[in-house]
Amino acid sequence: MARIAGVNIPTNKRVMIALQYIHGIGPAKAKEICEKVSITPERRVNQLTDAEVLQIRETIDREYVVEGDLRREVSMNVKRLMDLGCYRGLRHRRGLPVRGQRTHTNARTRKGPAKPIAGKKQIKR
């Protein structure tokens, strides 16, 4: 099992797909890395030599922000917005959608499960 950027990438998958298991690498960056290291994206991880895995690892370390560093950078950006007290920071602080989505209905991903409000039941007659 190849270990790149602190992540065990699956051995039986194609290189381009396996690289996407690393946080911060999507389809475009995976393709770019394959081109820089001159590996065909169709090859499987178990077909790579140790030198090629090392080359991929060095390319990622040198040119991309991934995994822990990326998570830290994103959380620092969110924390900065919250400290500034700007609108986006307030939305983060309250756990509401940040990018203008409606909250009257929906927004359950950010708000969590619906909380029942006491005293709203129908009166039986």
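User: Which residues does Glu67 touch, not counting residues up to four places away in sequence?

Analyst: Contact here means heavy atoms within 4.5 Å. By that cut-off, Glu67 touches Ala5, Val7, Tyr21, Ile22 and His23. A word on the source: this is a predicted model, where local features need pLDDT of at least 70 and side-chain atom pairs count only at pLDDT 80 or more, while totals for chains, interfaces and linings use all residues. Residues are numbered from 1 along each chain as its sequence is written, and side-chain values use heavy atoms, leaving out hydrogens and water.

User: Where is Glu67 found, and is it buried or exposed?

Analyst: Glu67 is found in helix α4, residues 67–84. Helices are DSSP runs of H or I with at least four residues, strands are runs of E with at least two, and both are numbered from the N terminus. For burial, the cut-offs are under 20% relative accessible area for buried, over 50% for exposed, and partly exposed in between, using a 1.4 Å probe and protein chains only. Glu67 has a relative accessible area of 16%, so it counts as buried.

User: What should I look for in the phi angles?

Analyst: Most residues other than glycine have a negative phi. Asn106 sits in the loop between α5 (87–94) and α6 (108–111), and it counts as exposed because its relative accessibility is 54%.

User: Which residues touch the most other members of the largest nonpolar core?

Analyst: In soluble globular proteins, nonpolar side chains tend to be buried together. A nonpolar core is a set of buried Ala, Val, Leu, Ile, Met, Phe, Trp, Tyr and Cys residues joined through side-chain atoms within 4.5 Å. The largest one here has 22 residues, and Leu19, Ile22, Ile56 and Ile60 touch the most other members. Two or more residues each come from β1 (2–4), β2 (7–9), α1, α2 (27–37) and α3. Take Ile22: beyond four places in sequence, it touches Ile4, Ala5, Val7, Ile9, Ile60, Val66 and Glu67.

User: How many cavities of 30 Å³ or more does a search of the whole structure find?

Analyst: Rolling a probe the size of a water molecule over the atoms shows where empty space is left. On a 1 Å grid over the protein atoms alone, a cavity is a set of points where a 1.4 Å probe fits but cannot get out, and lining residues have an atom within 4 Å of a point. Points are joined across faces, edges and corners, and the volume is the space filled by probe spheres set on them. The search finds one cavity of 30 Å³ or more, and the volume of the largest cavity is about 30 Å³.

User: Which residues line the largest cavity?

Analyst: The lining is Ile4, Ile9, Val15, Ala18, Leu19, Val45, Leu48, Val53 and Ile56. The elements giving two or more of these residues are α1 (15–19) and α3 (50–63), with α1 giving the most, three residues. By class, it has nine nonpolar, no polar and no charged residues; Ala, Val, Leu, Ile, Met, Phe, Trp, Tyr, Cys and Pro count as nonpolar, Asp, Glu, Lys and Arg as charged, and the others, Gly among them, as polar.

User: Is Ala18 buried or exposed, and what is it in contact with?

Analyst: Ala18, in helix α1, counts as buried because its relative accessibility is 0%. Leaving aside neighbours within four places in sequence, Ala18 contacts Ile9, Pro10, Lys13 and Val45.

Key
On a 1 Å grid over the protein atoms alone, a cavity is a set of points where a 1.4 Å probe fits but cannot get out, and a pocket is an open set with protein on both sides within 12 Å along at least five of seven lines; lining residues have an atom within 4 Å of a point.
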